[in-house]
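Please open the structure in a viewer and keep the sequence at hand.

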Amino acid sequence: MRRLDQLLANLGYCSRREARGWIQAGHVTVRGKVIDEFGTKVNPADVVVDGEPLDHPDGLLLLLHKPVGLVCSHEEREGPSVYGLLPPRWRQRNPQVTSIGRLDKDTSGLILLTDQNELVHRLTSPKHKLPKIYRATVSRDLSPELIPLFASGTLVLPDETAPCAPAELRILSPREAELTLTEGRYHQVRRMLASQGNEVLTLHRSKFGPLELADLPAGQWRHLPLDSFPKT
Ligand code: URA
């Protein structure tokens, strides 16, 4: 059960003060009855605002196809972000909708967004070795010797001490490869290839654990069930 004014504010409808005004003006019903006492404890599933049930009252988990050119940051000074793709109400939610890990501005592909903090912590924890698949095009022909090197778990990136976890490289054509990582270090794909004298020209994440983009167009999302990643 949640306090009505707080619930509307946390779901991004308006400020808590505005919520009190709406409630007192009779815009909100609970199980069909107008509730004008803003502190009433309610079950979110029973609440209707101006004839509409609440917008995802239990939380959001979105699979987004991130386009190139947007950052995964809430800092406005970092430029246009993936959050600008979302409806304004979702951008006002508390807890905030945030990405599970990040993709660089110049990387496209699958990224999860959620307001479930526990899920963010669990899926970004180094203990959670969810495989992520990236497709890269590069500036120079790929040497087959990279396959055992990346798989060995011995590659140490510049300015780091811990070697990268074993990663699977599949060379698809002389300048195109798929790389499967189970960790998410800063700019990891670009830095792994750069450490071997190759520059990533384009980078796209096609899979995150069991999830794929399928035919979702860039800039669009689909909802996932909140229990998509059950605790084991
Ligand atoms: N590796 C990168 O270099 N960039 C990303 O966005 C993700 C992985």
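**A guided tour of the model**

Begin by selecting His-56, which is found in the loop between strand S6 (52–53) and strand S7 (61–66); strands (E, at least two residues) and helices (H or I, at least four) are DSSP runs, numbered from the N terminus. The phi angle of His-56 is near 45 degrees, a positive value in a residue other than glycine.

The model is predicted: local features need pLDDT of at least 70, side-chain atom pairs count only at pLDDT 80 or more, and totals for chains, interfaces and linings use all residues. Residues are numbered from 1 along each chain as its sequence is written, and side-chain values use heavy atoms, with hydrogens and water left out.

Next, select Pro-95, in the loop between helix H3 (88–91) and strand S8 (98–99). A cis peptide bond joins Asn-94 to Pro-95, with omega about 0 degrees.

Now colour the chain by domain: domain 1 (2–53), domain 2 (61–126 + 212–223) and domain 3 (132–208), with bounds from an automatic or database domain assignment. The centres of domain 1 and domain 3, taken over C-alpha atoms, are separated by 50 Å.

Turn to the ligand. Which residues are around the ligand? Select Leu-103, Asp-104, Thr-107, Tyr-134, His-187, Gln-188, Val-189, Arg-190 and Leu-203; a residue is near a molecule if one of its heavy atoms lies within 4 Å of it. This shell divides into 4 nonpolar, 3 polar and 2 charged residues. Helix H6 (residues 188–194) supplies the largest share, 3 residues. Domain 2 and domain 3 both give residues to the shell, so the ligand lies between them.

Finally, display the polar contacts (pairs of N or O atoms within 3.5 Å):

- Asp-104: a side-chain N or O atom is 2.7 Å from a ligand nitrogen.
- Thr-107: a side-chain N or O atom is 3.2 Å from a ligand oxygen.
- Gln-188: a polar backbone atom is 3.4 Å from a ligand nitrogen.

The protein covers 96% of the 240 Å² of accessible area that the ligand has on its own, by the Shrake-Rupley method with a 1.4 Å probe.

Note on methods:
A polar contact is a pair of N or O atoms within 3.5 Å; within protein, one must be able to donate a hydrogen and the other to accept it, and residues adjacent in sequence count only if both atoms are side-chain atoms. Ala, Val, Leu, Ile, Met, Phe, Trp, Tyr, Cys and Pro count as nonpolar, Asp, Glu, Lys and Arg as charged, and the others, Gly among them, as polar.
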